[in-house]
Structure formats: C-alpha cells, structure tokens
Amino acid sequence: MFFHKQELQFKSSPSKPDAVLAKRMQEILGGQYGEITVAMQYGFQSWNAHEPGKYRDLLYGIGAEEFGHVEMIAIMIAQLLEKAPIEQSEAAIKADPVLGAVVGGTDIQQAIVAGAGARPVDSNGNPWQGSYITASGNMLADFTANANAEMQGRVQVARLYNMTDDPGVRDMLSFLLARDTMHQNQWIAAANELRAEGKEDLPVPSNFPLNKEERDVAYQYLNFSDGAAASDGTWASGPTPDGKGEFTYHEGPTTSVPMPPPTVPDERFYGTTPLPNTMEKVAGVVKDTFSKK
C-alpha cells in the first residue's frame with residue numbers, strides 16, 4: 001500500500017529556465033542508471049524477497065526513497081521548461097534563447113508530447129525499459145548490482161553538476177550526490193553483512209556444489225590480450241576473495257579442443273549447406289510428406 005505526501009525530500013527549484021539542461025537531466029531520471037531504474041529495482045527486489053527482516057525492510061525503505069527522487073527530478077525538469085514559450089516562429093526563436101534551445105536540439109517531445117514537462121525517457125529520448133532492472137532473488141548478487149547502480153548514477157550526477165552553474169539545480173544535485181554516497185556504502189555494508197552472517201558467500205550462488213564446476217580453471221587469470229601488465233594485479237596471484245583458492249596467471253588459455261564440424265540443420269530452415277540446392281529441396285519435400293504436424 002502506497003501513500004503520497006505532497007512535499008519533497010529536498011528543495012528542487014532552478015534559478016532560471018534551461019531547456020538544454022532539462023534534456024540532460026532526463027538521463028538521471030529515465031536512463032539505465034536513473035532514479036526510475038533504482039526505484040523499480042529496489043521495489044522488485046523487496047517484493048521478491050524470500051525472508052522477512054532487516055534486508056527486506058532495507059529494500060522497502062530505500063526503494064520508497066528513490067521514488068521520491070524520481071519526483072524531485074521530474075519536478076525540476078518541469079520547472080526548467082516552465083518558461084519555454086509556445087510560439088515557434090523564426091522571430092520568436094531569435095528573440096528567446098530557451099525556445100531556440102528547444103527547437104535547436106533538445107527533447108522536442110518534452111514540449112509537444114509532455115507540454116513542457118518531464119518524460120520517462122533518457123537524455124536521447126529513448127523510453128525507460130524494465131530490462132534495466134536487476135532482481136534475481138539472490139541478495140548478494142542483487143546488493144552488489146545495487147552498489148554498481150549507485151556508483152554509475154553518482155558518476156552521472158557529478159557530470160551534470162559540472163554542466164550547470166544554476167545554484168538551484170546544483171543544490172538538488174549536491175543532495176542526490178550525498179544520498180548516492182550513502183547508498184553505495186549501504187549496499188556494500190549489506191553485502192558484507194550477508195557474508196559475515198553466512199547467508200550468502202562468494203562465488204554466487206554459494207550453495208551451488210563446487211564439485212560440479214571445472215575447478216582446475218576456477219581461479220586462473222587467462223590473458224587473451226598482448227598487454228602483460230594485468231599480471232601485476234592481485235587477481236593474478238595470491239589468495240582469492242572467496243578464500244577458497246589461489247589466483248594463477250597464464251598467457252592465454254590453458255584448455256583447448258578441436259572445433260566441431262559445421263552443423264547441418266533441417267533442410268526446411270533453408271540454410272546454405274554443402275548439399276546441392278536440388279537435393280535439399282527434394283529432402284524438404286520428402287520430410288513434409290511424412291510430417292505428422
């Protein structure tokens with residue numbers, strides 16, 4: 001059950017209209033790592049959680065906060081577009097830089113479709129997609145993905161901060177940057193706590209029997225590049241983070257098998273094969289004749 005309170009978590013008011021910035025702001029609203037994504041991601045992770053308690057409550061609480069961030073950014077975008085005039089004559093474009101920006105390369109659908117408002121799209125106008133969401137049911141996998149989402153989102157907010165000198169926009173972005181800092185640390189802490197409590201461990205999924213994987217190659221760094229500096233990393237020698245092995249470094253693969261022969265599918269797929277075309281046609285007719293479909 002959701003309730004809406006008509007107030008914002010933090011102030012969201014620009015100092016002046018800016019249609020170019022409004023389009024750029026769409027990325028942190030409807031982009032792959034925007035607020036719609038994390039709000040829905042934490043939502044589906046909480047709805048799909050299998051165990052009551054602190055981890056499920058964590059997901060519910062932060063998911064609800066992220067819906068508030070969706071609202072903050074959408075309202076900011078609408079305010080950035082608020083003073084954009086509706087006239088589209090050449091004289092109006094020359095007289096008004098905001099209109100010129102709208103016509104000259106910003107999101108035209110913000111004006112035509114949304115009536116000078118935000119849309120659930122990224123900065124190129126691509127619709128937000130549910131495929132952006134990670135919700136596997138494995139909390140260690142999901143919390144690690146959440147930390148990545150917050151990192152990517154904070155990178156984008158930081159870039160936007162440097163793309164504007166509007167103090168009102170910067171105020172809101174500074175708040176979002178701080179919340180992203182919290183959320184990065186929060187998800188990393190939660191992932192570590194899962195491991196410390198023995199609920200999940202590396203490698204994910206930790207309860208899949210290790211004797212069913214090819215353990216000889218489980219901790220080999222295989223260098224498929226002509227660059228050799230990767231051998232200097234801790235991933236090339238020493239203990240593995242899961243505590244179950246030792247890294248080794250290898251120039252190229254340690255296994256190899258002959259390439260299997262080309263496949264020969266049913267003639268009615270009409271692929272090109274070594275058989276003459278007439279033979280394939282006859283074989284297809286014969287198969288059709290005896291088919292029980």
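Helices in this tour are DSSP runs of H or I with at least four residues, strands are runs of E with at least two, and both are numbered from the N terminus. The model is predicted: local features need pLDDT of at least 70, side-chain atom pairs count only at pLDDT 80 or more, and totals for chains, interfaces and linings use all residues. Residues are numbered from 1 along each chain as its sequence is written, and side-chain values use heavy atoms, with hydrogens and water left out.

**First stop: α3 and α8**

Select residues 54-81, helix α3, together with residues 167-196, helix α8. The two pack at an angle of about 160°, and their axes lie 12 Å apart. Axes here are lines fitted to C-alpha atoms, for helices over the stretch in contact, and angles run from 0 to 180 degrees between N-to-C directions. The angle therefore makes α3 roughly antiparallel to α8; angles over 145 degrees receive that name, those under 35 count as roughly parallel, 65 to 115 as roughly perpendicular and the rest as oblique. The crossing of α3 and α8 is left-handed, a term used if the near helix is turned anticlockwise from the far one by less than a right angle, clockwise being right-handed.

Next, display the side chains of the contact, defined by heavy atoms within 4.5 Å. On α3 they include Y55, L58, L59, I62 and M76, and on α8 they include M172, F175, L176, W187 and L194. By class, this contact of α3 with α8 has 15 nonpolar, 4 polar and 5 charged residues. Ala, Val, Leu, Ile, Met, Phe, Trp, Tyr, Cys and Pro count as nonpolar, Asp, Glu, Lys and Arg as charged, and the others, Gly among them, as polar.

**Second stop: α3 and α7**

The crossing of α3 with α7 is left-handed. Y55, R56, L59 and E66 of α3 meet M139, F143, N146 and E150 of α7. This contact divides into 4 nonpolar, 1 polar and 3 charged residues.

Select F2, F3, A64, F67 and G68, which of the 21 lining residues are the closest to the centre of the largest pocket. Its volume is about 420 Å³. On a 1 Å grid over the protein atoms alone, a pocket is an open set of points with protein on both sides within 12 Å along at least five of seven lines, whereas a cavity is a set where a 1.4 Å probe fits but cannot get out; lining residues have an atom within 4 Å of a point. Grid points are joined across faces, edges and corners, and a volume is the space filled by probe spheres set on the points. The largest share of the pocket lining, 9 residues, comes from α3.

Now select Y33, G34, E35, G153 and D180, the closest to the centre of the largest cavity among its 13 lining residues. About 80 Å³ of space lies in this cavity. Helix α7 supplies the largest share of the lining, 6 residues.

**Last stop: two cis peptide bonds**

Finally, select L202 and P203, joined by a cis peptide bond with omega of about -10°. Another cis bond joins V204 and P205, with omega of about -5°. P203 lies in the loop between α8 and β1 (220-223), and P205 is likewise in the loop between α8 and β1.
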